[in-house]
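These are my notebook entries on what I looked up in one structure. I kept each entry brief.

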Amino acid sequence: GTGGNQAEGTGQGQAQGTGQDQAEGAASGQNKGKDQAASEGTSGTKIITDHAGNQVEIPRQVNRVVVTDIFPIPSIITVLLGSGEKVVGMNPASMSAAQTGLLGELFPDILNASTDFMNGSDINMEELMKLEPDVVIYSAGSKELGEALRSAGFAAVGISVNKWDYDSIETYDQWINLLSEIFPEKEDTAERVSQYSHKVYEDIQSRVSGLKDGERKNILFLFNYSDTTMVTSGKKFFGQFWCDAVGGRNAAEGVAAENSNAVINMEQVYEWNPDVIFITNFTPAQPEDLYENAIGQDDWSPVKAVQDKNVFKLPLGTYRSYTPSTDTPLTLLWMAKQVYPDLFADVDINKEVKDYYKDMYGVELNDGQVQRMYHPGRDAAAGFKK
């Protein structure tokens, strides 16, 4: 079902140590918080409303978080807090992104997070309890999982993937807003990131608004591509947002009007003849596979994007950038530059990326790291069904 694809598409993660000393540190921190709160006549907890509309009671001081089936969130928490220390558990798909992207290099403590509580899409509640999470984050669409977590006594916070019609900027905004309620010390960062995202979006709109219909590029997303299957992004998924936001057209929006992901074939690709192709990090396929016809029996040589060498692998910074993530505004800018190089000739992506990470999150990136972010390898898809 598309629910599975959607969940898979937004699966990402990160990790943290569960050492005895950390557990004790967290416990003493909690007790300290409780004593302080008691002396102030307030409780050591507060109520927040999650994206599923649930009122969730959480500690005022959250020290241990586990993220289950919404994969980008561990990376966002880590970058937001400047440390992976509080993420004690995450999905294996989140971990693989942390290991192959920049996240684990920038914040090595995230690599200590446990993934043992997940078995495929099943959660082992006993293993989860051992992690002693203050908060467990899950995808708001997984209602049964939310109920199971709550009945097991966890403070379960639902974060939505599709509530904002797959608008990556708005979705990332809403994610950051909710996370800043869990970690109120980061409210100012949330506000600044939101302003930056909207500024980038508006700048792109002002540049592409003058394009005539005939100048708009046809864009094809390869969400998954192997010798047995070719999957694109339909109208009801993030690919549609990216195409619209950079002033292009989603080649597949007609065939996949009601679907998030749609299986397609070479005949359809020939018919659409896309100008630009973007390949996600949910598949090992690389641009050279299309240039060299290296997958199955497919012949890409007549396709315009291939002839013009306009096939690009999406970046992998702190998470797989097809979904909302810390890198969303930069991905948008990078994508606009690939689609309309003349309109964005003055944009220096290397500089923009470095400035953004430094100004927003206090992270200093070097040229090599930015280079790797924008040229991920096949292993970026580790943990996903081929």
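Which residue lies over the face of tyrosine 291? I looked this up in the model, which is a predicted one, and found lysine 309 at 4.5 Å from the ring centre.

**Entry on helix H15**

I next turned to helix H15, which runs over residues 349-361 and has 13 residues. From its first C-alpha to its last I noted a reach of 17 Å, close to the 18 Å expected at 1.5 Å a residue. I then listed the buried residues of H15: Ile349, Val353, Tyr356, Tyr357, Met360 and Tyr361. Seen down the axis of H15, these buried residues fall within an arc of 95°, so they line one face of the helix. I recalled a general point here: an α-helix has 3.6 residues a turn, so residues three or four places apart point the same way.

What do the buried residues of H15 pack against? I found five partners: helices H3 (73-81), H8 (168-182), H9 (187-208), H14 (328-339) and H16 (367-373).

I also inspected both ends of H15. Aspartate 348 caps the N-terminal end, with a side-chain oxygen 3.1 Å from the backbone nitrogen of asparagine 350. Just after H15, glycine 362 takes a positive phi of about 70°.

**Entry on helix H8**

I followed one of those partners, H8, which has 15 residues. H8 reaches 21 Å from its first C-alpha to its last, close to the 21 Å expected. I noted that 11 of its 15 residues are buried, so H8 is largely enclosed by the rest of the structure. Among the buried residues are Tyr172, Asp173 and Trp175. At the start of H8, a side-chain oxygen of aspartate 167 reaches to within 3.0 Å of the backbone nitrogen of isoleucine 169.

**Entry on aromatic pairs**

I counted 12 aromatic pairs. One of them joins tyrosine 201 and phenylalanine 241, which are stacked, at 6.5 Å centre to centre and 15° between the planes. Tyrosine 201 belongs to helix H9 and phenylalanine 241 to helix H10 (residues 238-245), 40 residues apart. I recorded tyrosine 201 as partly exposed, at 26% relative accessibility, and phenylalanine 241 as buried, at 9%.

I then looked up phenylalanine 278 and tryptophan 334, whose ring centres are 5.7 Å apart with planes at 55°, so the pair is tilted. Phenylalanine 278 lies in strand S14 and tryptophan 334 in helix H14, so the pair ties together parts 56 residues apart in sequence. Phenylalanine 278 is buried at 0%, and tryptophan 334 is buried at 7%. Finally, I noted that ring pairs link Phe221, Phe278, Phe312, Trp334 and Tyr374 into a cluster.

Methods: Residues are numbered from 1 along each chain as its sequence is written. This is a predicted model: local features need pLDDT of at least 70, side-chain atom pairs count only at pLDDT 80 or more; totals for chains, interfaces and linings use all residues. Side-chain values use heavy atoms; hydrogens and water are left out. Helices (H or I, at least four residues) and strands (E, at least two) are DSSP runs, numbered from the N terminus. The expected span of a helix is 1.5 Å times one less than its number of residues. Buried means under 20% relative accessible area, exposed over 50%, partly exposed in between (1.4 Å probe, protein chains only). The arc is that of the directions from the helix axis to the C-beta atoms. Contact means heavy atoms within 4.5 Å. A polar contact is a pair of N or O atoms within 3.5 Å; within protein, one must be able to donate a hydrogen and the other to accept it, and residues adjacent in sequence count only if both atoms are side-chain atoms. Rings of Phe, Tyr and Trp (its six-membered ring) pair if their centres lie within 6.5 Å; planes under 30 degrees apart count as stacked, over 60 as edge-to-face and the rest as tilted. A charge sits over a ring if NZ of Lys or CZ of Arg is within 6 Å of the ring centre and within 35 degrees of the ring normal.
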